[in-house]
Amino acid sequence: MAPKRRNSLLLYILVTLLLVFLTFLFSINLGSYHLSLLEVANTLVGHGSDNSILVLFEYRLPRILIALVGGAGIAVAGSLLQSYTGNHLADTGLLGLHAGASFGLIIFMSFFSQSFLYAEMLIPFFAFIGGILAAILIVYLAKSKNRTINTNKLILIGIAVSALFNAITLFLSLRLSDETYSFAASWLLGNIWARDWIHVSIILPWVAIFSLLAYRLAHPLNLLQVGDEFAQTTGISVKYIKNNALLLAVLLSSGSVAMVGNISFLGLLAPHLARQLVGSDYRLTLPLSAILGSIILLLSDTIGRSLFEANPIPAGIFVAFIGGPYFIFLLLKNNRSV
Amino acid sequence: MTTWHKWRTIILLFLGSLASIILAISLGAKDISFMTMWTSIFHFDANNNLHQIIYEIRLPRVLGAAFVGMAFAVAGSIIQAVTRNSLADIGILGINGGAVLFVTICFAFYPAISYGWLTFFSFVGATLSTILVFSIGLVARGNLSPLTFTIAGAVIAAFLHAISSGIAIFFDLNRDLAFWYAGGVAGVTWGQLPIFITIVIIAVFVAILLGKQLTIIGAGQEMASSLGINIRFLLFSSMGLVVLLGGAGVAVAGSISFVGLIIPHVARKFVGHDYRWIIPASALLGSTLVVMADLLARIIFAPKELALGILIAFIGVPFFLIVAKKMEGI
């Protein structure tokens with residue numbers, strides 16, 4: 001990386017981290033229990049009243065951290081999936097990975113959530129099993145006879161598989177109990193349900209580890225962008241890299257959405273914004289999409305819970321509100337260039 | 001296939017549809033014999049409990065299911081002909097999504113709205129989303145392939161669904177979540193049926209009259225115009241029918257996807273590629289499908305009910321996948 005490049009990257013990372021911090025301040029101030037900025041600052045350094053300590057540390061802080069980490073996880077997963085499919089329209093939600101994860105989550109919620117103390121630790125694993133099932137099904141169905149994958153067909157099949165898993169999830173939850181059904185229904189709309197420190201302690205290492213592993217793929221993914229044949233000549237195994245990218249995309253997206261709900265279009269939005277800013281080098285876009293994903297999700301969640309206090313609107317609805325039109329815009333642009 | 005064969009098929013489909021309606025009226029939490037059903041319809045006795053069940057609960061629900069199935073299936077046939085896209089369905093393409101959005105807005109701001117006005121706003125919503133979906137086809141330079149068009153529609157459907165859900169949550173309309181999620185005919189009342197059934201019957205009749213032109217346009221626009229068909233008029237009137245059928249169906253039962261996808265394919269297997277026959281066959285098959293699906297939704301986990309749309313998705317998705325897998329290129 002040229003020194004100039006590195007500086008601009010540092011600048012971007014610093015600016016976006018500052019944005020994260022501002023979003024954080026914005027989010028921690030807003031809510032049904034009003035706290036002034038001064039009170040927040042006092043509480044954070046350890047001089048708060050009992051009430052403000054409770055609100056800040058038990059309610060807002062864990063929720064904010066979960067939104068930040070979950071947003072990053074979904075954004076990185078989206079980047080990887082776009083690289084795997086070679087299609088910039090790929091989104092982990094649209095392609096059905098989230099729906100698969102929801103299936104795993106409902107199985108866990110119905111049969112294992114009370115099985116032992118800290119059973120929540122198993123959530124990402126259950127979600128991952130559901131997600132990987134969906135991924136295998138989609139890739140299998142999208143392969144044509146000559147073993148190539150038509151990427152638009154892949155998206156369409158993803159949409160259908162997503163509908164199938166959603167139907168299974170709602171079916172199972174309806175069968176089990178009314179509470180499970182309303183949980184599943186609000187999960188599908190992208191409601192950040194995980195709000196405790198235990199959930200932070202699960203999602204944080206999960207996303208951190210797999211994001212780092214994803215970053216190690218950045219260089220080979222850059223080579224893949226040039227073309228599969230070119231990548232092959234540099235001595236990397238295209239198949240191996242692609243499969244790893246898909247596996248990591250499933251791990252990151254299902255682990256994240258298990259906690260933050262079905263946030264569609266985030267895996268599309270964040271990587272695109274990142275590419276707009278710094279170009280197509282994965283060493284830059286992966287970390288930047290992670291940060292942008294965090295900001296978008298935290299902002300959506302904050303707006304949803306503070307602007308509509310009485311009946312909070314799930315974060316997923318705001319993301320879809322921006323992400324849906326953006327997807328159509330990209331679809332038409334791509335169509336034009338073909 | 002001779003005309004006589006086709007007539008025979010239509011009559012058989014009609015009998016099948018009638019049989020499914022009778023079966024659905026008689027089965028349920030309380031099984032009712034055919035004789036009781038007969039007397040309750042022709043010699044109604046207000047003091048008879050079974051007659052009450054049939055008249056107040058079963059009959060409106062089953063008739064609602066039959067005509068909802070008819071509306072969505074015929075709308076699906078028309079839109080598949082006009083777009084020449086075998087994956088098209090008013091649920092999948094987001095046309096129903098616009099209707100649901102407007103119905104949701106009505107419930108949010110004016111919960112006591114009459115059914116007539118609700119249907120009207122449902123039409124408005126369906127019209128706007130139809131314009132939205134098709135203008136995307138126009139904005140795109142170069143032709144959108146059926147796959148791309150379907151993806152665009154599906155994303156618009158997801159987008160409209162998100163907005164409707166947001167409104168439903170904010171105004172606390174979630175008492176009947178199933179309506180917004182998957183649709184259903186459990187809440188159909190006698191008050192809704194006369195308008196609804198009239199609209200559906202008229203629209204289906206007009207669609208059969210347009211059948212010949214639809215068949216020709218399904219074969220290609222150039223050929224249609226060389227045969228002297230006014231394409232603009234045909235597109236306009238057939239999209240009008242789609243909006244009428246979709247909007248009326250949504251106002252009664254919410255959005256049920258996949259009926260309009262599956263049924264035209266099945267109808268083609270029965271009567272071939274002539275839309276003068278596909279449309280009546282779709283109407284009858286659609287009503288049979290939704291009546292039977294609603295019956296299943298009521299009885300498999302009784303006393304709990306399964307959302308109708310979920311049940312139909314279980315049949316619809318595999319069907320969609322099979323059709324999509326067969327499709328060529330981008």
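This is a predicted model: local features need pLDDT of at least 70, side-chain atom pairs count only at pLDDT 80 or more; totals for chains, interfaces and linings use all residues.
1. Ground rules. Local features need pLDDT of at least 70 and side-chain atom pairs count only at pLDDT 80 or more, while totals for chains, interfaces and linings use all residues. Residues are numbered from 1 along each chain, chains are lettered from A, and side-chain values use heavy atoms, without hydrogens and water.

2. Largest cavity. A cavity is a set of points on a 1 Å grid over the protein atoms alone where a 1.4 Å probe fits but cannot get out. There are four cavities of 30 Å³ or more. The largest has a volume of about 1100 Å³, a volume being the space filled by probe spheres set on the points. Its lining (residues with an atom within 4 Å of a point) holds 42 residues, and A:Ala163, A:Asn166, B:Ala157, B:Ala158 and B:His161 lie nearest the centre. No charged residues (Asp, Glu, Lys and Arg) line the largest cavity.

3. Second largest cavity. Its volume is about 70 Å³. Among its lining residues are A:Leu81, A:Tyr84 and A:Leu246.

4. Largest pocket. A pocket is an open set with protein on both sides within 12 Å along at least five of seven lines. The largest one holds about 930 Å³ of space. Of its 24 lining residues, B:Val82, B:Thr83, B:Phe134, B:Leu138 and B:Leu235 are closest to the centre. Two of the lining residues are charged.

5. Rings. Rings of Phe, Tyr and Trp (its six-membered ring) pair if their centres lie within 6.5 Å. The structure holds 19 aromatic pairs over all chains. B:Phe170 and B:Phe171 pair edge-to-face (planes over 60 degrees apart), at 5.2 Å centre to centre and 85°.

Key: Rings of Phe, Tyr and Trp (its six-membered ring) pair if their centres lie within 6.5 Å; planes under 30 degrees apart count as stacked, over 60 as edge-to-face and the rest as tilted.
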